[in-house]
Amino acid sequence: MNLLSYLNKELAGKSDENLELISVICSVADSTVDIAMDTRVTGLKQIRGSANEINVQGEEVQMLDQIANKSLIDSLSKNSSCAGYASEEIDEPLIFNQSSRFMVVADPLDGSSNISVNMPIGTIFGIIRNTDYGVSSFNKSGRYYISAGYSLYGPSDIFVICVNNKVSEFTLDPKKKEYQLSRDDIKIPRTGSIYSINEGNFISWEDNIKKWVLNNKNPTGSSSKRKTLRYVGSLVADAHRTLINGGIFAYPPDKSQPEGKLRLMYEANPLALLFTSAGGNAVSIDKEILDIEPENFHQRTPLILGSKDDIDDFMNFTTSGRSSFKETPEISPIFKWNKVNIAKLRSRLGLSRSRFGKKVGVTRGTVLRWESGDVSPNLSNNKALDSIYLSTRKELLQNPLDT
Ligand code: AHG
Ligand code: MN
Ligand code: MN
């Protein structure tokens with residue numbers, strides 16, 4: 001089964017939103033095929049060195065960073081369902097068409113330090129609904145990501161995608177230049193025998209991180225077993241190995257990077273949605289990655305990804321104990337529905353309270369209490385309000401609701 005047939009099956013409800021989501025995912029996938037072709041011949045096309053520029057991160061840009069970023073911009077700017085694009089390589093997000101349905105965030109080329117030595121590298125991306133018709137749509141926690149994935153340019157070129165909280169892997173058929181399903185509905189093992197961290201930073205970690213690492217090598221508790229260290233230095237490669245084999249990847253804060261090194265919006269969030277959907281978890285140290293409210297597009301975060309039991313073991317060293325993570329990530333409601341925007345939505349639809357209530361699945365009295373501010377909608381009411389809003393968004397495009 002190829003990627004398009006898989007997406008048509010997984011997103012079968014032929015709603016506009018599903019059709020447009022499929023098209024945006026395919027635009028990203030097409031771009032990663034072009035990037036894969038370039039990664040095969042960097043030494044021949046003289047594109048493996050530095051572009052002699054410093055990006056907004058203060059990091060030296062590689063030529064392949066620029067090529068990958070440009071490929072994604074060219075592909076997504078032509079897609080009428082893509083409203084805008086934010087990436088590691090550009091200071092501010094690009095807005096292509098502010099009334100289109102989705103925004104894309106990306107790390108166009110992850111693992112740049114590995115390009116020149118032919119080690120695995122990748123592309124990481126996330127897809128967010130354009131609820132605010134512009135740049136502020138990006139300022140959402142990972143709970144608002146409707147899809148996420150990565151490509152890994154390695155011995156095989158693979159594309160891993162998460163839709164509807166299901167994670168599957170596709171392998172590029174180089175002849176047909178088409179991704180074919182190679183692993184369906186991936187679930188991460190509950191624990192693994194590998195830990196992955198840059199031990200070169202050991203002296204600058206906090207003591208509890210040092211204790212956790214030492215325990216991996218020389219377990220004291222009877223329950224824990226010794227782990228092996230693997231570290232590629234490309235997040236996508238270390239993450240993919242962890243997803244398939246189980247275990248844990250950690251990039252904790254250190255003295256020189258107190259906020260952590262990895263970027264929240266286009267490295268941590270997409271992987272956090274993927275790992276939690278595959279039955280694992282992703283934390284910063286004491287908080288779930290998906291709950292972090294971003295303050296800026298290039299915000300950094302500590303990132304610990306992996307199997308449930310290994311994350312719990314990590315948390316036992318770094319916080320009061322077990323991570324209180326949700327079994328599968330609840331995709332958050334789009335809006336924080338309140339008395340003002342509920343009343344606005346109802347009046348724009350020209351419905352009485354009882355007919356609006358029927359649409360949402362509540363009584364007239366509940367609608368009245370919402371609009372008077374006495375009570376707020378619960379999670380399932382919020383989702384019902386979201387879907388009413390999304391299905392009527394065309395007529396709301398001209399004058400969007402204040403969220
Ligand atoms: P990028 O190439 O997109 O800047 O990302 C590099 C990141 C990530 O891929 C990897 O996990 C990490 O940098 C490695 O950092 P260290 O070299 O400090 O271990
Ligand atoms: Mn990266
Ligand atoms: Mn990068």
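Contact here means heavy atoms within 4.5 Å. With that in hand, look at the fold. Residues 24 or more positions apart account for 64% of the protein's contacts with a separation of 6 or more.

Some ground rules. This is a predicted model, where local features need pLDDT of at least 70 and side-chain atom pairs count only at pLDDT 80 or more, while totals for chains, interfaces and linings use all residues. Residues are numbered from 1 along each chain as its sequence is written, chains are lettered from A and ligands numbered from 1 in the order in which they are written, and side-chain values use heavy atoms, with hydrogens and water left out.

Now the overall picture. The protein has 12 helices and 17 strands. Those are DSSP runs, numbered from the N terminus: H or I over at least four residues for helices, E over at least two for strands. The radius of gyration is 22 Å, close to the 22 Å that the globule rule gives for 403 residues, so the protein is as compact as a globular protein of that length. That radius is taken over C-alpha atoms, and the rule is 2.2 Å times the number of residues to the power 0.38. Along the principal axes, the C-alpha trace spans about 65 × 50 × 40 Å.

Next, the surface. Of the 403 residues, 57% count as buried. Buried means under 20% relative accessible area, exposed means over 50%, and partly exposed lies in between, with a 1.4 Å probe and protein chains only.

Charges, briefly. There are 48 positive and 48 negative ones, and their mean positions are 6 Å apart. Lys and Arg count as positive, Asp and Glu as negative; His and the chain ends are not counted. Each charge is placed at NZ of Lys, CZ of Arg, CG of Asp or CD of Glu.

For Cys82, the nearest cysteine sulfur is that of Cys26, 13 Å away. Cys82 is buried, at 1% relative accessible area. Cys162 is in no disulfide either; its nearest cysteine sulfur, again that of Cys26, is 16 Å away. Cys162 is buried too, at 2%.

Now one helix. Helix α5 covers residues 235-245 and is mostly covered, with nine of its 11 residues buried. Which ones are buried in α5? Leu235, Val236, Ala237, Asp238, Ala239, His240, Arg241, Thr242 and Leu243. An α-helix has 3.6 residues a turn, so residues three or four places apart point the same way. Just after α5, Gly246 takes a positive phi of about 85°.

Asn118 has phi near 55°. It sits in the loop between β5 (102-110) and β6 (121-129). Asn118 is exposed, with a relative accessible area of 66%. Asn165 has phi near 60°. Its loop lies between β8 (157-163) and β9 (166-173). Asn165 counts as partly exposed, at 24%.

Asn201 is in the loop between β11 (194-196) and α4 (207-217). Is Asn201 buried or exposed? Buried, at 17% relative accessible area. Leaving aside neighbours within four places in sequence, Asn201 is in contact with Tyr251 and Asp254.

Last, a pair that meets. Ile47 is in the loop between α2 (16-40) and β1 (50-54), and Met63 is in helix α3, residues 63-77. Ile47 is buried, at 10%, whereas Met63 is partly exposed, at 26%. What does Ile47 touch, not counting residues up to four places away in sequence? Asp38, Thr42, Met63, Leu64 and Ile67. With the same exclusion, Met63 touches Gln46, Ile47, Arg48, Gly49, Ser50 and Ala51.

Some distances for scale, C-alpha to C-alpha. Ile47 and Phe356 are 309 residues apart in sequence and 58 Å apart in space. Met63 and Ile194 are 131 residues apart in sequence and 33 Å apart in space. That's the tour.

Key
Disulfide = S-S within 2.5 Å.
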